Amino acid sequence: MNLITLKNKNTQEVSQLLDTKDRNTLVEKFTSLGLPHKMTEEYHYFDVEKLLDTEYKTLEYVPKSIQEDDKIIIVDGVVTSAPKGLRVYLEVCENIDMEHFDSLYYLGHLLSPRVIKIDVDGDAHVEILHKYTRSNALINYRVEITNQANRHVTMYENFETDEITNTLVLYGYDMHIAQDSTLRMVRLQTMNENRYSMITSHRVDVAKNASVVLKNFDFGGDQALQLLKVELGEYAHVDAGHLLYLNEDSKRGTASQIIHKGEHSTSKQIAKNILDGQARGIFDALIRVEHSAKFTKAEQDSKSILLHEKAYMASKPQLEIYIDELEASHGATTGQLDEKQLFYLQSRGISRIEARKMLVIAFANTLIETVKDTRHQERIKNAFEEVFYASHKG
Amino acid sequence: MSTVMKIENIEANIGDKKILKGLNLELEPGKVHAIMGPNGAGKSTLSKTIVGHYDVEVTGGDITYKGKSIVDMEPEERALEGIFLSFQHPVEIPGVNNAYFLRTALNAKRKHEGKEELNAAEFLREMKKHLEMLGMKSDMISRSLNEGFSGGEKKRNEILQMLILEPEVIILDEIDSGLDIDALRQVSEGINKMKDGKRTFLVITHYSRILDYIEPDYIHVLKDGKVIKTAGPELVPYLEEHGYDGIKED
């Protein structure tokens, strides 16, 4: 399959090409937004056309009997294992966001009419492991997560690959965070050059008084873009943190929209970006405060360190505000390591190379340390240091 | 007089401005040398020049330490050789754990001296005794380096580093600024503990208050980028009475 064949096609043509039945509304949404290209705002800094204009093998998503394990394991888009007592099943998604900004969100739903549903009952810690084993393939799947009111869930999302090449992964979540509940999602992804590329398109709706924490740790090479839409109800809160460490000639990052719909909703979005080699980082983030969202508090900040003269960070924090009764701030800085801090470390006998490493790790740690569980905090620190030291030997 | 450090006719700029204008100074091993002078005399530039600060461009003269020129050395090389600057305004480094930083610095020095590196447990044992003496809470070493520290805590942390790294030439740049009496006494106690007749101190100060706690052997008056007078501690009361304008050049 070559996704570029969907370019500039009308609803009927797309329906025929994707063999969709009774899903005209979705097809219309997809065609109205169009297949992303380099002028599409959210994909502007990402070489999406190259990824879409490739012939991929399409996979058969045959459900397997789910083995008992301490984590949910999804292999090439198929659930193979899950913890006992957790409801994980395939079902048609009834609750698709019809106002998502990303056309690939709709394409994902069109390609995966049945989504992997995870119903988390009660308070829980859940780990999801995504494994990719197929080369030259289009791996497409979607996951829908629901929790219960007044319950607290923490999810850890990790990735593993075999020695694969030239695969494109399209996946994403539809998350429904119930009233008075909390969901924390900590995502760690280390990618290596030329293994696979990934576009994830998420939608998170946060009900009244609920809170969602989304921490994304993105390390290494290759191409990946995360598109995230969060909608906040009354007194709802989102705390989104994105740590990027990119090397080689990778292009990775986040394009997001956080939409305040309810009164007294709050958002905090912090991005820390460390760019090495000829990498390009992307942080294209919009916070929109609608008329209904009086007394909103919104904070957005992006800080970037460029370790190489050819590295580039596209940082674009934006506020779109329709009311006066709110507190909002946003900012973006891009620069080198702080010379005063470097000198201080050197003046204590620490070599400049080591001092640079210490400061980069310190910059990353300020976000990693917001992960409350110390075991996972250490795991993320180790993953970061491993990738960073691999490209800064000596 | 034997010398551990000799500053000969040093000239240095910060940006386009010439600050040190042919400064001469010899430091005698094991002695406390106080550098006093009015604002803008070049006191802090002198300390920056000795440690190789990136702000400073040396345009003439030489600094020799134990007979070896150091002006072309990197800052970390000077530190490893035993030169230590206690900063007037220590920087905050969020995310760098204080204990990790101190151990990294100590192990860099031990490695330079051909000694085995200390593991975390050995290091903590070594540090505990210093913390108590400086009146530092043990949680200060688990916090980020200088982040959120009060002025007094930052200065204590500077002295803690000095005690751990055991340098041979110690430059204290306005160590008393921002310290209350109790903190000043504790900091001075830490400094005096290092006075063993071998280590050399260069105490840079605007006010004489610190010299009540750290007794100097020599007073050097710095004015307009040059040392204009060197005398014994008896110069301090004279300076208090007459100010720097009353000093005649040697």
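**Figure 1. Strands β11 and β12 of chain B in the predicted model.** B:Val221 of the predicted model stands opposite B:Lys229 in β12(B). The two strands, β11(B) and β12(B), residues 226-231, are paired in the antiparallel sense over 5 bridges. Between β11(B) and β12(B) there are 2 residues, and the two strands form a hairpin. In the turn of this hairpin, B:Asp224 has a positive phi of about 50°.

**Figure 2. Strands β3 and β11 of chain B.** Strand β11 (residues 218-223) of chain B also runs parallel to strand β3 (residues 32-36) of chain B, to which 4 bridges join it. Within this pairing, B:Ile219 in β11(B) is the bridge partner of B:Ala34. In general, the strands of a sheet pair through backbone hydrogen bonds, in either the parallel or the antiparallel sense.

**Figure 3. The surroundings of B:Val169.** When neighbours within four places in sequence are left aside, B:Val169 is in contact with B:Val4, B:Met5, B:Leu27, B:Tyr65, B:Gly82, B:Ile83, B:Phe84, B:Thr200 and B:Leu202. B:Val169 is also among the residues with the most contacts inside the largest nonpolar core. For chain B, the average pLDDT is 91, and 100% of the residues score at least 70.

**Figure 4. The largest nonpolar core.** This core has 180 residues, and those with the most contacts inside it are A:Val206, A:Tyr245, A:Ala364, B:Val169 and B:Val203. The element that gives the most to the core is α6(A), with 10 residues. Domain 1 (3-336) and domain 2 (338-394) of chain A both contribute residues, so the core lies between them.

**Figure 5. The open sheet of chain A.** In chain A, 11 strands form an open sheet with mixed pairing, in the order β2-β4-β3-β7-β9-β11-β13-β15-β17-β19-β21. At the edges stand β2 (67-68) and β21 (326-335) of chain A; each has a single partner strand, so one side of each is left without a neighbour in the sheet. Elsewhere in the sheet, β17(A) and strand β19 (residues 296-306) of chain A run parallel and are joined by 10 bridges. A:Ala271 stands opposite A:Ser302 in β19(A).

**Figure 6. The contact between the two domains of chain A.** The domain assignment divides chain A into domain 1 (3-336) and domain 2 (338-394). Their C-alpha centres lie 27 Å apart. The contact takes 17 residues from domain 1 of chain A and 14 residues from domain 2 of chain A. On the side of domain 1 that touches domain 2, β11 (182-191), β13 (211-220), β15 (237-246) and β17 (266-275) of chain A each supply at least two residues. The largest share of that side, 4 residues, comes from β13(A). By class, the side of domain 1 has 10 nonpolar, 4 polar and 3 charged residues.

**Figure 7. The contact between chain A and chain B.** Here 17 residues of chain A are in contact with 20 residues of chain B. On the side of chain A that touches chain B, α5 (339-346) and α6 (352-368) of chain A each supply at least two residues. By class, this side of chain A has 6 nonpolar, 7 polar and 4 charged residues. The model as a whole scores ipTM 0.95 and pTM 0.86.

Note on methods: Residues numbered from 1 in each chain as written. Chains lettered and ligands numbered in written order. Predicted model: local features only at pLDDT ≥ 70, side-chain atom pairs only at ≥ 80, totals over all residues. Pairing = 2+ DSSP bridges. Contact = placed C-beta atoms within 7 Å. Nonpolar A, V, L, I, M, F, W, Y, C, P; charged D, E, K, R; others polar. Domains from an automatic or database assignment. Core = buried A, V, L, I, M, F, W, Y, C linked by C-beta atoms within 7 Å. Buried ≥ 20, exposed ≤ 12 C-beta atoms within 10 Å, placed from the backbone. pLDDT = per-residue confidence, 0-100.
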